[in-house]
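Hello,

Here is the structure for you to look over. My notes follow below it.

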Amino acid sequence: TKLDEALAEKDEFKMASTAHTLKGSASNLGARRLSVASAKLEKAVKAGEWREAADFLLTVKIEFQRVEAALFTELQKT
């Protein structure tokens, strides 16, 4: 939600900061694809490439859903 809001507002700080946080969290979880997508999003925003940022945000959302589903599956095993 924060990323969507930041994109709509073209808030570079909010977008880059949130992407950076997500990148680290994903890395800590071992969610490499989500971490890489978040890094690309952060880089695009810092370069002022908002169209690319919107594309990377879509990738981040897809990867986030995959990670969320995998975590949910793991939780069901316990």
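**Loops and helices**

Helices here are DSSP runs of H or I with at least four residues, numbered from the N terminus. Please note that this is a predicted model: local features need pLDDT of at least 70, side-chain atom pairs count only at pLDDT 80 or more, and totals for chains, interfaces and linings use all residues. Residues are numbered from 1 along each chain as its sequence is written, and side-chain values use heavy atoms, with hydrogens and water left out.

Gly-48 sits in the loop between α3 and α4. Its relative accessibility is 44%, so Gly-48 counts as partly exposed. On this scale, buried is under 20% relative accessible area, exposed is over 50%, and partly exposed is in between (1.4 Å probe, protein chains only). The C-alpha of Gly-48 is 7.9 Å from that of Glu-12, 36 residues away along the chain.

Lys-10 also has a positive phi, about 50°, although it is not a glycine. Lys-10 belongs to the loop between α1 and α2. Lys-10 counts as exposed because its relative accessibility is 52%.

α3 has 15 residues, which should span 21 Å at 1.5 Å a residue; the end C-alpha atoms are 21 Å apart, so the two agree. The expected span is 1.5 Å times one less than the number of residues. Buried residues of α3 include Leu-34, Ser-35, Leu-41, Glu-42 and Val-45. The buried residues of α3 pack against α1, α2 and α4. Contact means heavy atoms within 4.5 Å.

Trp-50, Ala-53, Leu-57, Val-60, Glu-63 and Val-67 are its buried residues. They pack against α1 (2-9), α2 (12-29) and α3 (32-46). An α-helix has 3.6 residues a turn, so residues three or four places apart point the same way.

**The core**

The largest nonpolar core has 18 residues. Such a core is a set of buried Ala, Val, Leu, Ile, Met, Phe, Trp, Tyr and Cys residues joined through side-chain atoms within 4.5 Å. Leu-3, Met-15, Leu-34, Leu-41, Val-45, Ala-53 and Val-60 touch the most other members. α1, α2, α3 and α4 each supply at least two residues of this core.

What does Met-15 touch, not counting residues up to four places away in sequence? The list is Leu-3, Ala-6, Leu-7, Leu-41, Val-45 and Trp-50.

**Asp-4**

Asp-4 lies in α1. Asp-4 is partly exposed, because its relative accessible area is 33%. Leaving aside neighbours within four places in sequence, Asp-4 is in contact with Leu-57 and Lys-61.

**The pocket**

The largest pocket has a volume of about 280 Å³. A pocket is an open set of points on a 1 Å grid over the protein atoms alone, where a 1.4 Å probe fits, with protein on both sides within 12 Å along at least five of seven lines; lining residues have an atom within 4 Å of a point. Volume is the space filled by probe spheres set on the points, which are joined across faces, edges and corners. The lining has 13 residues, with Thr-1, Lys-2, Leu-3, Thr-18 and Leu-22 nearest the centre. α4 gives the largest share, five residues.

Best wishes
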